[in-house]
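Here is a friendly walk through a two-chain model, written for someone who likes to know the cut-offs. Please have a look at the sequence and the structure before reading on.

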Amino acid sequence: MNNAKIWISVVIHLLLFLTLLSEGYPDILVAVMILGLLFNAAGILVSYVASLKVGSGLYIAGCVVFFPIGVIGMLGARQTLDDARRKVFFQEMQ
Amino acid sequence: MEVQKSYKVAKSTVNAQLYGGIGVAIFLLVAILTIRQMPAYPLGFVLVLIGVGIWNSSRSAVTCFNDYMEVKLAPISSLHLIRYRDIVRLDQSNKKYLAIDYLADGKEKTLKLPWPFIEKGAKNSLIAFLQEQQVT
């Protein structure tokens, strides 16, 4: 997942999480955000180690927690998947 | 790759997203400024809607090239790349959409192209073009 949007969104998610943590928001909200961040981390890891498709799916699932700002990450992950699909498609065509 | 035909998103859809979003955004802004403890985050949802509207206004939903077509209906929806020779059948039985059955990775898949989402006049032109590509 070599897309700038993904890394930008990870930074935004982390900043959002730290802001919520320092402001004293309810624990359940913080827990949900931690879950979202874990999904993001797992997504990035899985996309590099195993499957790009599964990794992107996990990453997008993590971004849902941060909606609407999570859209940036969703777009990045989708763009990565589309690029990979396009690459395979053109290889098959040749 | 040379673009043979391209079809944009319908103006009615773009207008609904853009002007609808702007209307709700103004309403929310007034509410945020007048009602105490009104949360500001719903404004973020509306901004996403406006963003999607702007994105839809400048792009093509369906692009036909020499040998294949590209279909991307929404920003986070998957990209469909279909070779004309992989198209098995075009199902026009439903008035609301065109069902394109095609082969991908050895399996038959179906793509539903909703007509209200694509610009006016695309229906006849796209069907004629695809049928022509199937024959040749």
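Helices (H or I, at least four residues) and strands (E, at least two) are DSSP runs, numbered from the N terminus. Chain B has a radius of gyration of 19 Å, well over the 14 Å that the globule rule gives for 136 residues, so chain B is more spread out than a compact globule. That radius is taken over C-alpha atoms, and the globule rule is 2.2 Å times the number of residues to the power 0.38.

This is a predicted model, in which local features need pLDDT of at least 70 and side-chain atom pairs count only at pLDDT 80 or more, while totals for chains, interfaces and linings use all residues. Residues are numbered from 1 along each chain as its sequence is written, and chains are lettered from A and ligands numbered from 1 in the order in which they are written.

Chain A, for its part, has four helices and zero strands, in the pattern α-α-α-α. The table puts the two chains side by side. A residue is buried if 20 or more other C-beta atoms lie within 10 Å of its own, exposed if 12 or fewer, and partly exposed in between, with C-beta atoms placed from the backbone.

| Chain | C-alpha extent along principal axes | Buried residues |
|---|---|---|
| Chain A | roughly 55 × 20 × 15 Å | 32% of 94 residues |
| Chain B | about 65 × 30 × 30 Å | 20% of 136 residues |

Now to the helices. In chain B, the 16 residues of α2 (residues 42-57) should span 22 Å at 1.5 Å a residue, and the end C-alpha atoms are 23 Å apart, which agrees. The expected span is 1.5 Å times one less than the number of residues. The buried residues of α2(B) are B:Val46, B:Val52, B:Gly53 and B:Asn56. Seen down the axis of α2(B), these buried residues fall within an arc of 115°, so they line one face of the helix; the arc is that of the directions from the helix axis to the C-beta atoms. Their cover includes α1 (11-34) of chain B, where contact means that the C-beta atoms of two residues, placed from the backbone, lie within 7 Å.

In chain A, the 23 residues of α2 (residues 27-49) should span 33 Å at 1.5 Å a residue, and the ends are 32 Å apart between C-alpha atoms, which agrees. Buried residues of α2(A) include A:Met33, A:Gly36 and A:Asn40. Among the elements covering the buried residues of α2(A) are α1 (4-23) and α3 (52-64) of chain A.

UniProt, in an unreviewed entry, lists residues 16-33 and 40-58 of chain B as "transmembrane region". In the model, residues 16-33 of chain B are 100% helix and 0% strand, with end C-alpha atoms 25 Å apart. Residues 40-58 of chain B are 84% helix and 0% strand, and their end C-alpha atoms lie 29 Å apart.

Where does B:Asn66 lie? B:Asn66 is in the loop between β2 (60-65) and β3 (68-71) of chain B. B:Asn66 is exposed, with 10 other C-beta atoms within 10 Å. Leaving aside neighbours within four places in sequence, B:Asn66 is in contact with B:Met1, B:Glu2 and B:Gln4.

Finally, the interface: 11 residues of chain A are in contact with nine residues of chain B.

Notes. UniProt positions are given in the numbering used here, feature names are shortened, and annotations may be inferred rather than shown by experiment.
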